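Look at the sequence and the structure below. The paragraphs that follow go through the chain, its disulfides and one of its pockets.

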Amino acid sequence: MTRMRRSLAASMILLASAAGLSACAAPTGDAERSDAEMRRTAEPVWKAAARPVGSSVAVTDGVALAYTLDAEERLQLLALDATTGRELWSSPASTASIGTEVRITPVVLRDEQRNPRAVVITPPSLAAGPGHGHRVQLRDLRSGAVVGESDSIWIADPHTCRTTDGLCFDGRERDVEQATAMRLDPDTGEFEPFDDVLPGYEYSMPMGGGVFLAANGEEEVLLGLDDSNIDTQSRDVVADPVWRMPVEKLLGDGTRFTTSLTTRQLHIDGDQRTLLIWHMPSAPDSDGFTDFAGASVVALDVETGERLWERDGEMLCGWATFCTGEIGYRRNDAAAFGGRSSFELEAGAARLERIDPRTGTSRWDLDVADYTDEDAASHAFASVDGYEIIGDGGSARFVEKETGAARDLAQAERVGCLLDATFDAHEDSNPTNDIVTFTSGSVATACGPDGPVDEPLSVAAVRSVGTSWAEQDEAWRTLADGPGDDDPLDLASTEQTERLERDVDRWRVLQTADAILGYRF
């Protein structure tokens, strides 16, 4: 069995699997890419020298935000004009206290007037006194001017709030030993204690499409909440859910999501939204290994909560794809952070089965001798629209999503790969009890059939690993609001086709090891 270098942090519930599953909605249809796009070099419109270390570039209202290292290798948030690459502003930044395998991502919040505000957590002051700790700054997206700033506080686990707008985090004020759950108001920059849980419940977690898992004690329910209005806050409509489903009724007596390894996928096809929830009891053997004999996947209609189908004993290892064979998770307590263990996927010979997410019926299956989608030490292949790129013993195979037809990637073809970008946070950037946390991100490179190559990116590579945007869409596209279901580079709908006929500029912005690049198609 081959050990795959993919892991996930296990808290009470795991909602993003290390097996490359996405928690976001898929575009409504896949546009097939020609072989020529994997052979043709993509020419950037602009290039900005940088050393990115975050997970990706975020583009909002024509401004590209990226975490980079400055000339002295200190963390900063860098803002560029997304159409020219011109630097707009930069600010010293901190990750705050986060786990070693968390990938930092720029965050944009909207105030009450829908103005975008970039979030900057400042490097903390270590001097004794009232200013001891981090501060959170809200900056005008284009000018970088500080429009709001919090008081000082030690910050851990910052993230966009799950039940309302704003930034949520665990905060520890000066001379206070115990951290408190806090929320930063995107209008004022002030924080106050806040329990980011749906009212009436002890625990809650968004599952996608307005569906929430909520629990009181051992009682768990799934709630379908109305998410049709972008300004509607989940916590404001929880008292009147569209539907309510006890988890015990869904899964059977004694089965709970909060004590299982869990991941989910939201599939959108026209007006139909289907939520796939995979779960598996965490019961490792004496070596810390768990196979998938006790795993189960259930499919729900997002609008009604109706159970559409269920399958047992398999792993949801890709987008609407099951895996069986030599595959499982191994617990890695050495990578634990904050009392949470890490689970790493291990795989060897496997069979992949692509399904229709709405019906659960099989579309095709494929046997893989050594299922790894990455070289053991360096890279992860990115998908190309219409195709999956999987590893078989570290070499790339090209699999058509609709038919399962597979072939080896040709020597002249180039696709996108993601490499780890790592850095050591300085003592004045991210101290946690005098321990400096190691953090990582991702940068793009070109890959051939055997891995990374020192060549320009192909058109297919740029399309697969860049952040997509079109200027007219940007007023409503932010990280906090979600990326939207449409990709302006994919012409899978009438609206997108009309957009092409109007000659709207379509862009990709991506980061490599030494630059941020902008492409226009």
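Is the link of C417 and C447 left-handed or right-handed? With -115° about the S-S bond, this link is left-handed. C417 lies in strand β32 (residues 415-424) and C447 in strand β35, so the pair ties together parts that are 30 residues apart in sequence. Helices (H or I, at least four residues) and strands (E, at least two) are DSSP runs, numbered from the N terminus. The sulfur atoms of C417 and C447 are 2.0 Å apart, and a disulfide is defined as a pair of cysteine sulfur atoms within 2.5 Å.

Before going on, note that this is a predicted model, in which local features need pLDDT of at least 70 and side-chain atom pairs count only at pLDDT 80 or more, while totals for chains, interfaces and linings use all residues. Residues are numbered from 1 along each chain as its sequence is written, and side-chain values use heavy atoms, with hydrogens and water left out.

C417 has 0% relative accessibility and therefore counts as buried. C447, at 0% relative accessibility, counts as buried too. Buried means under 20% relative accessible area, exposed means over 50%, and partly exposed is in between (1.4 Å probe, protein chains only).

A search of the whole structure finds three disulfides. One of them joins C161 to C168, with an S to S distance of 2.1 Å. The angle about its S-S bond is 105°, and the link is right-handed. Both C161 and C168 are buried. Another disulfide is formed by C317 and C323, with sulfur atoms 1.9 Å apart. The torsion about the S-S bond of C317 and C323 is about 65°, so this disulfide is right-handed. C317 and C323 are buried as well. If the bonded cysteines of the protein chain are numbered in sequence order, the pairing reads 1-2, 3-4, 5-6.

The volume of the second largest pocket is about 200 Å³. On a 1 Å grid over the protein atoms alone, a pocket is an open set of points with protein on both sides within 12 Å along at least five of seven lines, and lining residues have an atom within 4 Å of a point. Grid points are joined across faces, edges and corners, and a volume is the space filled by probe spheres set on the points. Of the 14 lining residues, D454, E455, P456, L457 and T512 are the closest to the centre of the pocket. By class, the lining has eight nonpolar, three polar and three charged residues.

L457 counts as buried because its relative accessibility is 7%. Leaving out residues up to four places away in sequence, L457 touches several others, including R40, T445, V462, L510 and Y519. Contact means heavy atoms within 4.5 Å. L457 and A444 are 13 residues apart in sequence, and their C-alpha atoms are 8.8 Å apart in space.

Finally, consider the chain as a whole. The protein chain has five helices and 39 strands. Of its 521 residues, 54% count as buried. Among contacts with a separation of 6 or more, 56% are accounted for by residues 24 or more positions apart.

Note on methods: On a 1 Å grid over the protein atoms alone, a cavity is a set of points where a 1.4 Å probe fits but cannot get out, and a pocket is an open set with protein on both sides within 12 Å along at least five of seven lines; lining residues have an atom within 4 Å of a point. Ala, Val, Leu, Ile, Met, Phe, Trp, Tyr, Cys and Pro count as nonpolar, Asp, Glu, Lys and Arg as charged, and the others, Gly among them, as polar.
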